[in-house]
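Please read these notes with the sequence and the model open side by side. They go point by point.

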Amino acid sequence: MLLLNTIDDDVRATPSLKRADLLRLIEPPNLSQVHLQVHRNYAFELVGSILPPFLWLTRLKSIIAYGAYDDTLSFEQIDPVAVQIISLDFERYGEHANSVDFGGWFASRLENLRDLTEGPIVVSNWPSESHHAQRFNLELEKTADRLPSVFVWDTAEIFRNMGAEFFDERAARAKGTRLSNGACIELARSLGLVRLPSVLLPRIKAIAVDLDNTLYDGVLGEDGVEGVQVSAEHEAIYKELMRLRDEGVFLAIISKNDERDFIELCEKRADFLLKPAHFSASSIGWHPKPEAVVRIAEQLRIGVDSILVVDDNVGEIAQLRAAHANTPLLHSQSPAQTLFWLRHYPALNGYRANSTTALRVNDLEAARQRDLLRASTSSTDYLREIQIELTYTLNSMSLRGRLAELSQKTNQFNTGLRRFSEVEVARRLEEPGHFTISVGMRDRFCDSGIIGAIFARARGNQLVIDEIPVSCRALGRSIESSMIALALAPIVERHGLREIAFWFCEGPRNLPARTWLTSFTGVQNISDGGFTTVAWEAIPQLKEHLGVPITSQWEQTTG
Amino acid sequence: MTRVEIQEAVAELLSVSLGRQVVLTESVTRDSDPKWDSLKHVQLILMLEEHFGVQFSEEEMGALRSSDEIVQAIEEKSGT
């Protein structure tokens, strides 16, 4: 996680934020550069000039390149390493923008830009109440879903929130834009805190929240269950936390309290909307907070640097900062401020939902139940008992986002570490002779969604495996070999292939992948940065892998 | 608001906009400071509007070309 690790009493959360407040902020040291190339037809500079202070929170320094105003979106001289940003004043197109063809023209320009670069494309929608704009924005959402790595920047939502104050026609010609100063600030805040971090950074996986003076006013141990105060803003915080949980972010309690008091609070206070079942992990007791966050990370099976800790106690925030330099921290100073940051904390919001993300939260409890079952049965009985069902899909364009996510984020069971981008995945999906397989898994305890991928291609009589990433959520059931053999078998047979060549690249954390590859191929010296080749029929225990008591099926590609 | 208070605030906002220290007694003009380009000028006007709660017309924006003219315009708009 690349975040500056403490967000404290921060001017960036001020509701009526001023341009001068932002420009007075001092750039922190040791920022990484991110190149942005802006395609616009108005003075985006009034947004771009105040974007850096927001991006600094993600340790990024923006280098912005502006082309000339270009209503035609001709996309000349594209910087291949830059994030492309398209932001237009759609009113400049007059009646043309209201025609049905306009949406099609705009989609074709996006397709053109997509062909010119592999980097992310961020495109603002049309901030207007007109039905033409609403129709355009719906079409734009569909186009962004269809094209890899294209993300809509929802400026229409900012317009809805600001109403008439969004535009200031008074000196539009002198300023170069109809946007008001307030709108420029809100646009920079939205782009810098939410949209760009969600495009550039992996998502925070869990939020660990303190109880006293964070989720309510008061101290539970002193004021008692009936004495703590829950305000409307606290209730809004509960709803934000539950929204994030629904999107797949784990919730945890990190508190110096008596756990029985917390349970009683949940049972007796109807206005405390959060219940123990909402929390996937907890450390409620008298452990120092740096130790407590490690306990939570262990329970969630994630790293401490993937957990955002929210706490009102400045001393404990300081302890956490000293012990875990890369753990994102939020010093909660008021319910309003906490609520703001739950909606705007970089790398927490703005991520595209997929069918797998929301399933993660249920997977953890299922893993505990599996562990209990495994401890009490033999391995064959265990596999029968948990009733695993695997679903394979070949070359499904609709899954490209999840496939790229697996390639980019999987560290432990990742054979090739090729880190395919969504654009590269999309290209492989269409390339003849390439086989990109998604693996879905469910068992009697839960549906884990798409948990693995195989990026393969035919080369002569070989099936080359460029990368196999398997989510750590799927590990521990001892079925990796069967899962992969069952996926490869029909491709090997249908295309008359004889050998499997696994590309392997060693990384800091992919020992589990190497161990598996050694076991699967029987080759002891796996070459780093090279191919390990084995005849298909010579794979040790191939028949056993293919004959395990699990159900597998191939799903028709839907797109 | 006194003239000195306005002068202080204008000097501070000019410092923020131009990225260098502008002292109270310094008279800065657009022609004399190459950093005072059109973007910085618009930003300065927006910050002056935020700070003093005034509004400038398009014509006024173009006409303001020095720190002294800005101070005078704000005095007139705020009735001090």
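1. Which residues in H12(A) meet which residues in H13(A)? From H12(A) come Lys289(A), Pro290(A) and Val293(A), and from H13(A) come Glu316(A), Gln319(A), Leu320(A) and Ala323(A). Two residues are in contact if their C-beta atoms, placed from the backbone, lie within 7 Å. By class, this contact has four nonpolar, one polar and two charged residues. Ala, Val, Leu, Ile, Met, Phe, Trp, Tyr, Cys and Pro count as nonpolar, Asp, Glu, Lys and Arg as charged, and the others, Gly among them, as polar.

2. The model is predicted: local features need pLDDT of at least 70, side-chain atom pairs count only at pLDDT 80 or more, and totals for chains, interfaces and linings use all residues. Residues are numbered from 1 along each chain as its sequence is written, while chains are lettered from A and ligands numbered from 1 in the order in which they are written.

3. Two packed helices are described by the angle between their axes and the distance between the axes. For helix H12 (residues 289–300) and helix H13 (residues 314–323) of chain A, the axes come within 8 Å and cross at roughly 65°. The axes are lines fitted to C-alpha atoms, for helices over the stretch in contact, and angles run from 0 to 180 degrees between N-to-C directions.

4. Chain A has 21 helices and 20 strands. Helices (H or I, at least four residues) and strands (E, at least two) are DSSP runs, numbered from the N terminus. The C-alpha atoms of chain A fill a box of roughly 75 × 65 × 45 Å along the principal axes.

5. Ile63(A) sits in strand S3 (residues 60–66) of chain A. Is Ile63(A) buried, partly exposed or exposed? Ile63(A) counts as partly exposed because it has 13 C-beta neighbours inside 10 Å; buried takes 20 or more other C-beta atoms within 10 Å, exposed 12 or fewer, and partly exposed lies in between, with C-beta atoms placed from the backbone. Leaving aside neighbours within four places in sequence, Ile63(A) is in contact with Gln33(A) and His35(A). Of the 559 residues in chain A, 43% are buried.

6. The contact between the chains takes 14 residues from chain A and 16 residues from chain B. On the side of chain A that touches chain B, the largest share, four residues, comes from H1(A). By class, that side has five nonpolar, two polar and seven charged residues.
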